[in-house]
Amino acid sequence: MKNKVSQFALAAILVAGSAAPALAQNTNWKLNSEHSAGRLSVGSTADPNAVFDTGIARVKGSVRLDAGSPAQSWVDFTIYPADEGPASINEDGSLNAAEFSNVPRSTVINFRSKEVTLTGDGDLAVSGDLTLSHLERPYLITNSEAYGGPVYGEPEVRSATREVTFVFRNVAAAEVKAGRSRRLKIVGSAGIRTEDFPGLFEAVTNANWPVVLEDKSCQEPAIIGEEYHGTGCASTPVVVSSRPSPSVTVVEDYAGPHAATPRVRDNVKIALTLELTRDASAVAEVAGN
């Protein structure tokens, strides 16, 4: 009975999508990296509540949603540190080591979908290749009066690829609801056992994940005196979880969220909140259908 109800609900969503003039049957979306983020966490499959956040990261990429034929859809994205720009990421989504001149360690995660299916609950199951590139730079510390900090050596980059499935919840209904809007927000996640992806745990935990900030606002103090510490910037840190996150004052020495290490570490979770945008021409095409 439950299976029949799920099939009926899915059919209703698809019928509504085909009937709504605002829904494009095939729409290419771009990821707005300024409002898209991924939460990286580690934990235990035996105790789902024992989850420890390791960091928040930026996400960029593109998405094609085809309501009439989900198999024609695709989802490609790259997860990267918030303080790095587009030049740090190669066209194939891998890490550009030359841009990390003085970074001791960093990780870039790239995903390219190969198969997209619509589940009975209206979710989008996206399977594809997840490639991680982890950079480490050896450094030498010398004890002398002229010591000016660590000296970094040449970068060592290790890469690995495995097939992973992300599940994006209620995408069919969300696209119908978006209608002619130029924006659409979807959420999804993937749980990966560390034994199935050697090196993933180390790449996620042994990396610098600066805090991801949205709606940054900076103001100069009205009076500049001896206690002047520079421009004060207030921003909202992004947290891809159910826990609320208050606004914070960002200063130069802010190191981001503290990363705790769990006792059991056999599972890595990547949770995504993606804001998709489409240009005006695509919206006009939707309106004309």
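**Close-up views of salt bridges and a buried serine**

Aspartate 53 is partly exposed, with 22% relative accessible area (buried is under 20%, exposed over 50% and partly exposed in between, computed with a 1.4 Å probe on protein chains only). The model is predicted, so local features need pLDDT of at least 70 and side-chain atom pairs count only at pLDDT 80 or more, while totals for chains, interfaces and linings use all residues. Residues are numbered from 1 along each chain as its sequence is written, and side-chain values use heavy atoms, with hydrogens and water left out.

**View A. Salt bridge between arginine 39 and aspartate 53.** The closest N and O atoms of arginine 39 and aspartate 53 are 2.7 Å apart (a salt bridge is a side-chain nitrogen of Lys or Arg within 4 Å of a carboxyl oxygen of Asp or Glu). The pair links distant parts of the chain, with arginine 39 in strand 2 and aspartate 53 in strand 3, 14 residues apart (strands are DSSP runs of E, at least two residues, and helices are runs of H or I, at least four, numbered from the N terminus). Arginine 39 is buried, at 10% relative accessible area.

**View B. Salt bridge between glutamate 34 and arginine 58.** The N to O distance in this bridge is 3.8 Å. Glutamate 34 sits in the loop between strand 1 (27–31) and strand 2 (37–43) and arginine 58 in strand 3, so the pair ties together parts 24 residues apart in sequence. Glutamate 34 is partly exposed at 47% relative accessible area, whereas arginine 58 is buried at 9%.

**View C. Salt bridge between lysine 114 and aspartate 129.** Here the closest N and O atoms are 3.6 Å apart. Because lysine 114 belongs to strand 5 (residues 105–118) and aspartate 129 to strand 6 (residues 124–136), the pair ties together parts that are 15 residues apart in sequence. Lysine 114 is exposed at 54% relative accessibility, and aspartate 129 is partly exposed at 27%. A network of salt bridges links Lys114, Asp129 and Glu163. The salt bridge count comes to seven.

**View D. Surroundings of serine 73.** Serine 73 lies in the loop between strand 3 (51–65) and strand 4 (74–80) and is buried, with a relative accessible area of 8%. Its side chain reaches the backbone oxygen of arginine 64 at 3.5 Å. Apart from neighbours within four places in sequence, serine 73 is in contact with Arg64, Leu65, Asp66 and Val116 (contact means heavy atoms within 4.5 Å).

Definitions and conventions. Polar contact = N/O pair within 3.5 Å; in protein donor to acceptor, adjacent residues only side chain to side chain.
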